[in-house]
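These exercises go through one structure step by step. Try each task before reading its solution.

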Amino acid sequence: MKTKFLVITILFLNTALQFLMGYWWLIAIICFTCCWLWGQNAKQSILAACLGIGISWLGISLYQDWQAEFIISQTMSDVIGLGKTNLPFYIITLCIGLMVSSLSGYAGFVGKKFFLSTKSK
Amino acid sequence: MKRFIFISFITVFIIFALNKKWGQVPALAKICNPFAGAWQNAAQKNKNISFETSSIKGAVEVVFDQRQVPHIYATSWEDAIYTQAYLHAQNRLWQMDMTTRLASGRLSEVIGNKTLELDRYHRRLGMVYGARASARAMIDNPATAIIIKAYTKGINDFISTLNKKNWPIEFKLLEYKPEKWTPLKTALMLKYMANTLSSKTDDISNTIAQNSLPKEIFNTLFPERLNNEYPVIKSKQIIQKSSAKPSQKTYPISVKDFYVHQKRDHSETGIGSNNWAVSPSKTQNGHAILCNDPHLPISLPSIWYECHIHVNDQSVYGASLPGAPGVIIGFNNFISWGFTNGYRDVLDYYSIKFSDSNKRHYLLNNIPTTFDIQIEEIKIAQSKSFYDTIKFTHYGPLLYDYSFPNDALPNENLAVKWMAHKATNECLAILGLNQAKNYADYVEAIKSFECPHQNIVYADTKGNIALWSQGRFIDKWPGQGRFVMDGNNIENDWGQPIPFEHNPHEKNPPQAYVMSANQINTDNSYPYYYNGLFDPSRSKRLTSLLADDDYTIEKMKKIQLDAFDQFAFDFLNIIKEQKPAIDRFKENLSVIADTNNSDLTLIHLWWNALEKELYDKGQYRLVANVNYPNKRATLQILKNNKINGSLVDLLKKSYNKALSQFSDLEKENKHFWHQYKQSSLLHMALIPAFSFGDLKMDGGLGMLNAAQGKQAPSWRMIVEMSQPIKAAVIYPGGQDGNPFSLNYKTNVEDWRIGKYATPQFEFTAKEIKKPSHTYTFLPLK
């Protein structure tokens, strides 16, 4: 239940804030904050951050690419030098999203743990 | 705690690394961000949209047809131009920004150190200096002021709708933001065209050649007039002209100053525009037909944006230039017009001598004269600004000096005087042509077209045809401006302009056609002196193809797509006359430039080897930095057998070299004509994924279908002046400048294979067949 809540919160917050402001690094702030507040363990924090950001990023990418008849992913893969195919640009996009979200989600959870342990001492 | 600090540090470090531009590599995370990066650059869906704006006075309806050509229906030119500007910006904003940056020497601001020398060149050439003068002229003229203001507003209104996520992709990749449009930018756009078409001269090459070759050889290799030319204006020009000043002595430059630089080019390389019009007596349907295919360095997004503007009872259709108002080449319901470059020399160099060690003064008639000094700050992305000192002389800016030496004449300080520095108002000419109803209107309009020099062809629905070789020219003494001139002697300065009426022109000539293909403008009867980079190669072929009758649009298409290599044909004829006994000589070589013709590759390899033999060694050896003579001059030398020793030996030697090169290419299967000439359509920022390499298409330089390298027909247009008007057009590219749009390259394939589109030239929005979508602009109440 908690994991589902965390995923939905990250997904919702990320989608809303990014539509409003457009800064990609908001994913780090969102994941860090949510996992600090609601993360129960490291595994859950990383999983929720990855799922929240992954669904949000993949969903928007797919929608936009579909609108452009999948030219964006194909051309951008070519721009990066990975051939005129769709998959590479999706993979790079997801890798960035998942790497930053999991690290910041984990940092949020570890931070909370450290904060609570300091407080209890 | 350690773990928290470590993880936090790693996260921040990765965010920083992914958020930063590394050299030319854009910030990866910014580009991949689905909410604001490349993913957000999906092309707009074709849907009907209504806008309300205070920038227009009446309602404007825009109907897009299936080819995404906008048909703009407005009640005033001001509103129509506002809408055109909005559409230009919507489809081509980055292209417009980049072109004006290039023209104004501001590329380094977004690209970095790599373009610093190019920026310095453009600033020192006086591009901004000229553009400022022209922008003032446009604003001072009431007719253009209103249009320029509407055009500027249209672009800026579109820019104000943008936020970071819908910036064109190139802005995101280069990480800079679109900036406001100004009338100066429109002037820069037009000066950029002037730069492309009129800043190339062979003055420096001629000066070096003249100073290093015996007079007789110089005159043989670089004659002012070639034999058997077919001038643009065939009619005798009856002009009373006062006698010109006597020739001044050419400024001597020591040849020992030259350092070795092996690159050698042809002055006429890259030239290839054609236009012609035939009288009703020569056409099947009894209406005049006008054709134009201007050749420019082609790129993506295309130079042109196809557009139809209808205001009250007048319609105009054709190729517009994103960044400038109106239709540049096209037709309205009364007349049609087109351009080729005239190539008269309108840029001259003056050698300047400093009179003091501080280099703040120069000699003018032996009197120390102060430079007007301007310090230019060139901002450089990810680096410190560069400050360049530009010194203005009596003639114009000092383009080359000790701090920015010319490759060929590194010890000379060269000031440049260029017609594009003047306060010309080409915008007025374009608007005049758009609204012209007859020959008198056309003549009145083109008066304002002063730089670059253009051959402006004309046809109307009444059956008239005409051609003016138009520009603002100086009454020069013979030889003036052909070489670098002594800037100390003020006698070398430009004199009075030639009256407009004296510009070469003809209307309804006896041959029932007018034509130009960048060749010399007039025969020897024209009383004014001029020189230039004229290319005679296509005029001979075009003259022979226009000798026929019963022309139709279909017949004209064949002429525009003609891939007969007249130069190769003439070269082979000379060889046949010489009858050299060459081993392994291939008989009956084909001179039709089909994509898979390999004979033509061999002929051109042979020619290149022959030129090298002839001009890099032996009797006609040229010093470094002298361009090859015009190919026609070389043909003349071969024809007259003016070679010391045996011409046959020269032909044999060069043929064997070419054959060996050809065999190497054959082994790699790279010997076909399309592989040799490498027609390509590259993105302006040279991003391969947004470009087309090796377009397999017919034609080549020196042919009517002059597609080779980055040069090609940028807009093919044929107009039959019937009622209603019939036309066929095509250009390489698509209406949308967004590389992710399906309309980015719509026309490329048709253009490559020589297919044309039929424009919809309808007087009401309802008549547009199969509309794609509409925009409605409503005045804000």
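**Exercise 1. Backbone angles**

In which loop is B:Pro301 found?

Solution. The model is predicted: local features need pLDDT of at least 70, side-chain atom pairs count only at pLDDT 80 or more, and totals for chains, interfaces and linings use all residues. Residues are numbered from 1 along each chain as its sequence is written, chains are lettered from A and ligands numbered from 1 in the order in which they are written, and side-chain values use heavy atoms, with hydrogens and water left out.

Step 1. Helices (H or I, at least four residues) and strands (E, at least two) are DSSP runs, numbered from the N terminus. B:Pro301 sits in the loop between β7 (299-300) and β8 (305-311) of chain B.

Step 2. The peptide bond from B:Leu300 to B:Pro301 is cis, with omega near -10 degrees.

Step 3. Repeat for B:Pro452. The bond that joins B:Cys451 to B:Pro452 is cis too, with omega near 5 degrees, and B:Pro452 is in the loop between α13 (439-446) and β19 (454-460) of chain B.

Step 4. Turn to phi. A:Glu69, a residue other than glycine, has a positive phi near 55 degrees; it is found in the loop between α3 and α4 (71-80) of chain A. B:Ala512 is not a glycine either, and has a positive phi of about 65 degrees. Its place is the loop between β22 (505-507) and β23 (513-516) of chain B.

**Exercise 2. The fold of chain A**

Solution. Step 1. Step 2. Along the sequence the pattern is α-α-α-α-α. Step 3. The C-alpha atoms of chain A fill a box of roughly 55 × 25 × 25 Å along the principal axes.

**Exercise 3. The interface**

Describe how chain B and chain A touch, using residues, area and pairs.

Solution. Step 1. Count residues in contact (heavy atoms within 4.5 Å). There are 37 residues of chain B in contact with 41 residues of chain A.

Step 1. Take the buried area, which is the accessible area (1.4 Å probe) that two parts lose on being put together, summed over both. The two chains bury about 3400 Å² between them, 79% of it on carbon and sulfur atoms. B:Phe4, B:Phe35 and B:Trp39 supply 25% of the area that chain B buries against chain A, more than any other three residues.

Step 2. Look for salt bridges (a side-chain nitrogen of Lys or Arg within 4 Å of a carboxyl oxygen of Asp or Glu). Between chain B and chain A the count is zero.

Step 3. Assign the touching side of chain B to elements. At least two residues each come from α1 (2-19), α2 (28-32) and α8 (169-174) of chain B. The largest share, ten residues, comes from α1(B).

Step 4. Sort by class: Ala, Val, Leu, Ile, Met, Phe, Trp, Tyr, Cys and Pro count as nonpolar, Asp, Glu, Lys and Arg as charged, and the others, Gly among them, as polar. The side of chain B that touches chain A has 25 nonpolar, seven polar and five charged residues.

**Exercise 4. Salt bridges in the whole structure**

Solution. Step 1. Step 2. One example is B:Arg120 with B:Glu117, whose closest N and O atoms are 3.7 Å apart. Step 3. Both residues lie in helix α5 (residues 116-125) of chain B, three residues apart, about one turn of the helix.
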